[in-house]
Amino acid sequence: MDTANFDWDEANISHIAEHNVAPEEAEEVLLGNSFEVGFDVVNHEERWVFIGETNSERILRVVMAVRNEKIRVVTAFEPSKRAKMLYLARKASEK
């Protein structure tokens, strides 16, 4: 996802804003060293779940889909304390 093309519009921007997440933060997670932690099919659409850090070290969970060859962030939010701890442990074990 190094040169990813993102699909942003008012719908997904306002949705993640409800979780106090900016589009740039979600992009930073997906373009950074995030871990894939889930996969699901919702309404015939494949969705991947990642957990990672923004450039300011904020840990976020980001759900994305691919639409028309672009990455569409479906939602992004701060994960539970337990999920953050698991992320940090996994990150430490990969060093």
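## Lining of the largest pocket

In this predicted model, helix H2 (23–31), strand E2 (45–53) and helix H3 (81–93) each contribute at least two residues to the lining of the largest pocket. Helices (H or I, at least four residues) and strands (E, at least two) are DSSP runs, numbered from the N terminus. The lining includes Glu28, Tyr87 and Lys91, and its residues divide into three nonpolar, five polar and four charged.

The volume of this pocket is about 170 Å³. A pocket is an open set of points on a 1 Å grid where a 1.4 Å probe fits, with protein on both sides within 12 Å along at least five of seven lines; lining residues have an atom within 4 Å of a point.

## Sheet

Four strands form an open sheet in the order E1-E2-E3-E4, with antiparallel pairing; two strands pair if DSSP finds at least two bridges between them. Strand E1 (35–42) and strand E4 (70–77) are the edge strands, each pairing on one side only.

E2 and strand E3 (residues 59–67) are joined in the antiparallel sense over seven bridges. Trp48 stands opposite Met64 in E3.

## Aromatic pairs

The whole structure holds three aromatic pairs (ring centres within 6.5 Å; stacked under 30 degrees between planes, edge-to-face over 60, the rest tilted). One of them, Phe6 with Trp8, is stacked, at 6.4 Å centre to centre and 20° between the planes.

Phe6 is buried, at 13% relative accessible area, and Trp8 is partly exposed, at 22% (buried under 20%, exposed over 50%, partly exposed in between; 1.4 Å probe, protein chains only).

## Basis

Residues are numbered from 1 along each chain as its sequence is written, and side-chain values use heavy atoms, without hydrogens and water. Local features need pLDDT of at least 70 and side-chain atom pairs 80 or more, whereas totals for chains, interfaces and linings use all residues.

Definitions and conventions. Points joined across faces, edges and corners; volume = space filled by probe spheres on them. Nonpolar A, V, L, I, M, F, W, Y, C, P; charged D, E, K, R; others polar. Phe/Tyr/Trp six-rings, centres within 6.5 Å; stacked < 30°, edge-to-face > 60°.
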